[in-house]
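Please find below a colleague's note on the model.

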Amino acid sequence: MDNELQGRPAHIAALRERAEREMQAIGINEAFVSHLVDTFYARVLAHAELGPVFDARLSGRWPEHMDKMKSFWSAVAFRTGAYGGKPVQAHTGVANMTPDLFPKWLALFSATLDDIAPTPEAKAWFMATAERIARSLTLSLFYNPALDDPALKRA
């Protein structure tokens with residue numbers, strides 16, 4: 001057990017180093033993550049449907065949210081473990097949040113990456129990650145197996 005515990009920090013460090021090399025190879029660094037978050041959320045605020053939902057929830061707290069999103073995306077990209085938030089809880093009970101907003105969020109994220117991603121590989125990586133996040137949040141927030149499972153539905 002002690003050898004396993006002693007090896008864990010080295011394993012985590014190796015994962016982080018590998019992630020940093022992989023991100024660097026596709027043009028992703030901390031400056032890009034910050035630019036992506038700033039650009040994307042400026043567009044979210046200007047979006048006719050997403051803007052009001054986000055602003056109602058974050059009014060007066062945008063700087064904190066931006067810092068949190070930069071920390072989140074950095075932790076995901078570089079596997080730092082630095083993000084300690086609870087995304088499902090943070091999105092639970094958001095007024096006017098509906099499942100149909102997630103495809104709009106993804107489309108806006110994709111358009112933002114079209115404009116600023118340093119490489120096609122960077123766009124592909126961020127989009128695959130964003131799609132997993134959107135799918136996970138949609139299922140967590142809106143899926144009820146008792147109501148939504150086709151096997152349980154009666155004709």
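1. Basis. This is a predicted model, in which local features need pLDDT of at least 70, side-chain atom pairs count only at pLDDT 80 or more, and totals for chains, interfaces and linings use all residues. Residues are numbered from 1 along each chain as its sequence is written, and side-chain values use heavy atoms, with hydrogens and water left out.

2. Composition. The chain has eight helices and zero strands, where helices (H or I, at least four residues) and strands (E, at least two) are DSSP runs numbered from the N terminus. The order of elements from the N terminus is α-α-α-α-α-α-α-α.

3. Of the 155 residues, 30% count as buried (under 20% relative accessible area, with a 1.4 Å probe and protein chains only). The chain exposes about 9,600 Å², of which carbon and sulfur atoms supply 56%; the areas come from the Shrake-Rupley method with a 1.4 Å probe. Among contacts (heavy atoms within 4.5 Å) between residues at least 6 apart in sequence, 76% join residues at least 24 apart.

4. Helices α2 and α4. Helix α2 (residues 30-46) packs against helix α4 (residues 62-78) at an angle of about 135 degrees, and their axes are 9 Å apart. Axes are lines fitted to C-alpha atoms, for helices over the stretch in contact, and angles run from 0 to 180 degrees between N-to-C directions. The two helices are therefore oblique to each other; angles under 35 degrees count as roughly parallel, over 145 as roughly antiparallel, 65 to 115 as roughly perpendicular and the rest as oblique. Residues in contact include V33, V37 and Y41 in α2 and H65, M69 and W73 in α4. By class, the contact of α2 with α4 has nine nonpolar, three polar and three charged residues.

5. Residue H65. Leaving aside neighbours within four places in sequence, H65 is in contact with Y41 and L58.

6. Helices α6 and α7. Helix α6 (residues 101-116) and helix α7 (residues 120-142) pack at about 165 degrees, with axes 10 Å apart. That angle makes α6 roughly antiparallel to α7. Among the residues that meet are F102, W105 and F109 in α6, and F126, M127 and L137 in α7. The contact of α6 with α7 comprises 12 nonpolar, two polar and three charged residues.

Terms used: Nonpolar A, V, L, I, M, F, W, Y, C, P; charged D, E, K, R; others polar. Buried < 20%, exposed > 50% of the residue type's maximum accessible area, 1.4 Å probe, protein only.
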